[in-house]
Each structure stands twice: as structure tokens, then as C-alpha cells.
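Biologist: Please show me the model, and then let us go through it by question and answer.

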Amino acid sequence: MIALIGALDAEIEEFLRQAEDVRVEHWGPPRTSLQSVYHCRLLGQQVVIARSGVGKVMAAAVSQRIISKYNPRQLIFTGIAGALNPQLRIGDLVLGAELMQHDLDATALGFRRGEIPYTDQQICRGDEMLLNAAAGVSLESGTVLSGRILTGDQFISHHNRQSYLTEELGGDAIEMEGAAVALVAYLNQTPALVARTISDLADGSAAVDFQKFLPLACHNSFQLISQIFPRIR
Ligand code: ADE
């Protein structure tokens, strides 16, 4: 079984439209649906599709629960991101070769930005086999590239005011869940891939652009999954 996770309903919508035999489970306190999990078949594979909600805690919680309960063979997180690398265009798909928590900051204690204190752990790497399978994907519009994805509990709308994101951390794209998912997967030794479509340039237009380009991102995620599923059986 493969787990597919997205933060927002819009980010998993196309998966659900194409899914068969769907059974839904809501996770969270009674009378809430903070996190939704759908058991179904997609493109001939048994999958669990989850909507985590936004931010590192929500993403980590759903990832750990899915791994503990269902022990998926692979975990794939898809959705949108802001671009930090000026060569990226809206619609490009960034594969998380490396992921880092940009807002984990114990520099005052002498640790590197993003480093989990007392562990030497700063960067999580995407699973090699999944990255290779995804590198061969072609999109109707947009280019597929590998890069460094930065994650934090902040929506970034003026990235040039946080110059460390590019100058110190060398980020290509920025979002709010990927490094949390990658870290939980690493702790559990579950192969994982984070793949993000660029929805905005993390600048003054980000808030408007990210809404506008969500459907494109969702379509890219479906193209990615439909092309890599036959390669990762
Ligand atoms: N997800 C999509 N765009 C983003 C941005 N600019 N900052 C953080 N997360 C994002």
C-alpha cells in the first residue's frame, strides 16, 4: 500500500476524483474533521490518501499515524510551494532531493539553522528510488526538477526580507509540511518523496497566486503519480 498526503482538500482533490472504492475516516476530536483519510484504489494500486491540514505538526501527526497504523510501502507528499530560486517558474514541479526546517533556529546555542539540536541532523533526503522514478516524469505544462525544499510554519510573502532562506540555506522552494513528513518517514525508515508545484514566487503576490494556481498544482500531482506508479510497483 502507498500513502499519498496533501495539506489541503484542493491538493488531493484530483486523486479522489480518480479513486475507486473510497472509504473515508475522519481523524481528530469528535464532530471535527481536522484530518481526513481515504482508503481506496487509485490507478490499480491500493492507497491511503490523506489530507493533513497545514503546518509541520499536522503533517507530522498524520504521517506518523499512517505509518504506525498501515505501514505503507512508500509515502508521497504532494502540493504547492513558493519559489525561492529565481530560475523556477509557476507550474514547475520541484522534487525534494533535500528538505530542511528553516524555522528550527537554535543558532543562539551555536547550532546551524535548521539543525535539530544535539543530533547533527539538519537535512533529510528524499528516497533515491522515488526521486529517480519521478525525475522521468513529463508534465503538460511545467518542468520537473530536483532541489532543496525549505519547510516552516510560516507563509512566506516577502522572501527577500529573510535572506538566509537563499543565502545561508540555499533553498529552491518553500512550503509548510515537507521536511516534517520527511523527518517522520526517516525516523520510521519509510521511503518518502515530497513533490511540490510552484504556485507563487514567495513575494508580495504570493497570497493571490497560491489560490489561483492550486488547481494546476493538483493536476501536476496527478500526472506525477500516474507516471510513477507503474515504475514503483
Ligand atoms: N506554499 C505555497 N506557497 C507558499 C509560500 N509562499 N510560503 C509557504 N508555503 C507556501
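Biologist: How many salt bridges does the structure hold?
Modeller: This is a predicted model, and side-chain atom pairs count only at pLDDT 80 or more. A pair is taken when a side-chain nitrogen of Lys or Arg is within 4 Å of a carboxyl oxygen of Asp or Glu. The number of salt bridges in the structure is 14.

Biologist: How far apart in sequence are the parts tied together by Arg-196 and Glu-11?
Modeller: The side chains of these two residues, Arg-196 and Glu-11, form a salt bridge at 3.8 Å, N to O. Arg-196 belongs to strand 10 (residues 192-200) and Glu-11 to helix 1 (residues 9-18), so the parts that the pair ties together are separated in sequence by 185 residues.

Biologist: Are Arg-196 and Glu-11 buried or exposed?
Modeller: The cut-off for buried is under 20% relative accessible area, and exposed means over 50%. Both Arg-196 and Glu-11 come out as buried.

Biologist: Which parts does the salt bridge between Arg-196 and Glu-177 tie together?
Modeller: The side chains of Arg-196 and Glu-177 meet at 2.7 Å, N to O, and both residues are buried. The two parts are 19 residues apart in sequence, so the pair ties strand 10, where Arg-196 lies, to the loop between strand 9 (173-175) and helix 5, where Glu-177 lies.

Biologist: Which residues do salt bridges that share partners join into one network?
Modeller: Arg-196 forms a salt bridge with Glu-11, and Arg-196 also forms one with Glu-177. Through shared partners, the salt bridges join into one network the residues Glu-11, Glu-175, Glu-177 and Arg-196.

Biologist: Which element gives the most to the lining of the largest cavity?
Modeller: The structure holds 1 cavity of 30 Å³ or more, and about 60 Å³ of space lies in the largest cavity. Strand 6 (93-101) and helix 5 (178-188) each supply at least two residues of the lining. With 3 residues, the element that gives the most is strand 6.

Biologist: How many charged residues are in the lining of the largest cavity?
Modeller: Residues lining the largest cavity include Leu-99, Met-100, Gln-101, Ala-179 and Leu-183. By class, the lining has 7 nonpolar and 4 polar residues, and the number of charged residues is none.

Biologist: What span does helix 7 reach from its first C-alpha to its last?
Modeller: Helix 7 covers residues 214-228, which is 15 residues. Its buried residues include Leu-214, Phe-222 and Ile-228.

Biologist: What radius of gyration does the protein chain have?
Modeller: The chain contains 7 helices and 10 strands, and 55% of its 233 residues count as buried. Along the principal axes, its C-alpha trace spans about 50 × 40 × 35 Å. A compact globule with 233 residues would have a radius of gyration near 17 Å, and the value for the protein chain agrees, at 17 Å.

Note on methods:
Residues numbered from 1 in each chain as written. Predicted model: local features only at pLDDT ≥ 70, side-chain atom pairs only at ≥ 80, totals over all residues. Heavy atoms only, no water. 1 Å grid on protein atoms, 1.4 Å probe; cavity = no way out; pocket = protein on both sides within 12 Å on 5 of 7 lines; lining within 4 Å. Points joined across faces, edges and corners; volume = space filled by probe spheres on them. Helix = DSSP H or I, 4+ residues; strand = E, 2+ residues; numbered from the N terminus. Nonpolar A, V, L, I, M, F, W, Y, C, P; charged D, E, K, R; others polar. Expected span 1.5 Å × (residues − 1). Buried < 20%, exposed > 50% of the residue type's maximum accessible area, 1.4 Å probe, protein only. Rg over C-alpha atoms; globule rule 2.2 N^0.38 Å.
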